[in-house]
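Here is a briefing for a first look at a protein model. Please keep the sequence and the structure in view while reading.

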Amino acid sequence: MRIRIVDAFTDRPFAGNPAGVLLLDAFPGDDRLQNIALEVNHAETAFAHPLPAGGEADWALRWFTPAAEVDLCGHATLATAHVLHSTGVHEGPVRFATRSGVLVATPAEDGSITLDFPTAPLTPVTLPDGVTEALGAEPLSAHDTGPHVGDLLVELPDEKSVHALRPDHRALGAHSRRGVIATARAENPALGYDFVSRCFFPNIGIDEDPVTGSAHTALAPFWAERLGRTTLTGLQASPRAGRVRTELRGERTLLGGRAVTVIEGELLA
C-alpha cells in the first residue's frame, strides 16, 4: 500500500498544508483508516479508491484527521488530485464521491488544480460568551458556516490582529462543532491577497490548521460581499502559510492552488 505526503496550496515543499494520500482498491474498516490517519498525524489523511466506469464519480474519497472523519477537506482533496495526475493514474478532471456530494478537481496546464466545492451557507450569529477571551481579540462579527464546514467565522478589525492571535485552544472548542476561523481584510492588497485568515480546530485534534480549503468556501462569500468581487485570493497566515484562489459561483465555490509531493513510501502494517 503506497503512501504519499503531499504539501497542498503551495508550489514548494515544506510549506502549505501537508496531507497523507493513499490510493486503495477498496476502503478497509473505519478503525484501520482512523489508525493510519493517527499514525500519519497530519491535519488530514485522504483515502481514495476507483469506482466503476459510467457512474457520477470516478473515485470514492474520505478524509480523516488524527481524531475523526470529516465531511469536507480542501487541501487533502487537492493533494489526492495531484497524486492522481502526477502519477498518470487519472487524466483530466476527476470526480470524487464524498460525504459532501460529488466534488470535481480540474488540472490546468500550468500545474495548478481547481476544486469545485459547495459554498458554505453563512448565518450571522451573536458572538458567544467567552470567544473574545479565548481568542485574545475582540471580533467585529460572527457567522455560523453551516453543517459541512461546522466552524464559527469571526471577523477581526485588521490583519495585524489575525497574525497576533495566541488563542486558548481548549476554550475555543466550546464554541463550534469543528473550530474557529478568524479573518480580516488584507492590509496591503498589492502583496497579492485580498484577505487573511487563521483556522483553529481543537475539536478534531488540530490546534491550528496550516491551510484550510473548506474554510475558504465560507471565506469566499464573506469577502465577496464586502469587497464587491467574486474572484479573490486568501492568505492563510499559519507558520507554514499558503494561498487559496477563490471564485464564488452562487452555490458553488472554486478553490485553486498547487501541490508538491514530498515523501513517498510503503505502508507495512
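Is Pro 66 buried or exposed? Pro 66 is buried, with a relative accessible area of 17%. Buried means under 20% relative accessible area, exposed means over 50%, and partly exposed is in between (1.4 Å probe, protein chains only).

This is a predicted model: local features need pLDDT of at least 70, side-chain atom pairs count only at pLDDT 80 or more, and totals for chains, interfaces and linings use all residues. Residues are numbered from 1 along each chain as its sequence is written, and side-chain values use heavy atoms, with hydrogens and water left out.

**Overall build**

- The protein has seven helices and 18 strands. Helices (H or I, at least four residues) and strands (E, at least two) are DSSP runs, numbered from the N terminus.
- The radius of gyration is 18 Å, close to the 18 Å that the globule rule gives for 269 residues, so the protein is as compact as a globular protein of that length. This radius is taken over C-alpha atoms, and the rule is 2.2 Å times the number of residues to the power 0.38.
- Along its principal axes, the C-alpha trace spans about 50 × 35 × 30 Å.
- Of the 269 residues, 55% are buried.
- Among contacts with a separation of 6 or more, 62% join residues 24 or more positions apart. A contact means heavy atoms within 4.5 Å.

**Surface and charge**

- The accessible surface comes to about 11400 Å². Carbon and sulfur atoms hold 51% of that surface. Accessible areas come from the Shrake-Rupley method with a 1.4 Å probe; for residues, only the protein chains shown count as cover.
- There are 22 positive and 34 negative side chains. Lys and Arg count as positive, Asp and Glu as negative, while His and the chain ends are not counted.
- The centres of the two charge sets lie 3 Å apart. The place of a charge is taken as NZ of Lys, CZ of Arg, CG of Asp or CD of Glu.

**Nonpolar cores**

- In soluble globular proteins, nonpolar side chains tend to be buried together.
- A nonpolar core is a set of buried Ala, Val, Leu, Ile, Met, Phe, Trp, Tyr and Cys residues joined through side-chain atoms within 4.5 Å.
- The largest nonpolar core has 48 residues. Trp 63, Leu 78, Val 94, Phe 96, Ala 105, Leu 115 and Leu 219 touch the most other members.
- Helix α2 (residues 74-86) gives this core its largest share, six residues.
- A second, separate core has 20 residues, including Ala 137, Val 154, Leu 156 and Val 162.
- Not counting residues up to four places away in sequence, Val 94 touches Asp 58, Trp 59, Ala 81, Leu 84, His 85, Leu 103, Val 104 and Ala 105.

**Helix α7**

- Nine of the 12 residues of helix α7 (residues 216-227) are buried, so this helix is largely enclosed by the rest of the structure.
- The buried residues of α7 are His 216, Thr 217, Ala 218, Leu 219, Ala 220, Pro 221, Phe 222, Trp 223 and Ala 224.
- Gly 228 follows α7 and has a positive phi, near 75 degrees.

**Loops**

- Pro 66 sits in the loop between β4 and β5 (69-70). Its C-alpha is 6.9 Å from that of Gln 34, although the two are 32 residues apart in sequence.
- Beyond four places in sequence, Pro 66 touches Gln 34, Ala 37, Leu 38, Asn 41, His 42 and Ala 43.
- Pro 52 lies in the loop between β3 (44-50) and β4 (59-64). At 66% relative accessibility, Pro 52 is exposed.
- Phe 14 lies in the loop between β1 (2-8) and β2 (17-23). Phe 14 is exposed, at 67% relative accessible area. Its phi is positive, about 65 degrees, although Phe 14 is not a glycine.
- Ala 241 lies in the loop between β15 (231-236) and β16 (242-249). Ala 241 is partly exposed, at 26%. Its phi is also positive, near 60 degrees.

**Around helix α5**

- His 163 lies in helix α5 and is partly exposed, with a relative accessible area of 37%.
- Not counting residues up to four places away in sequence, His 163 touches Val 196, Arg 198 and Ala 237.
- Ala 164 is in the loop between α5 (159-163) and α6 (169-172). Ala 164 is exposed, at 52%.
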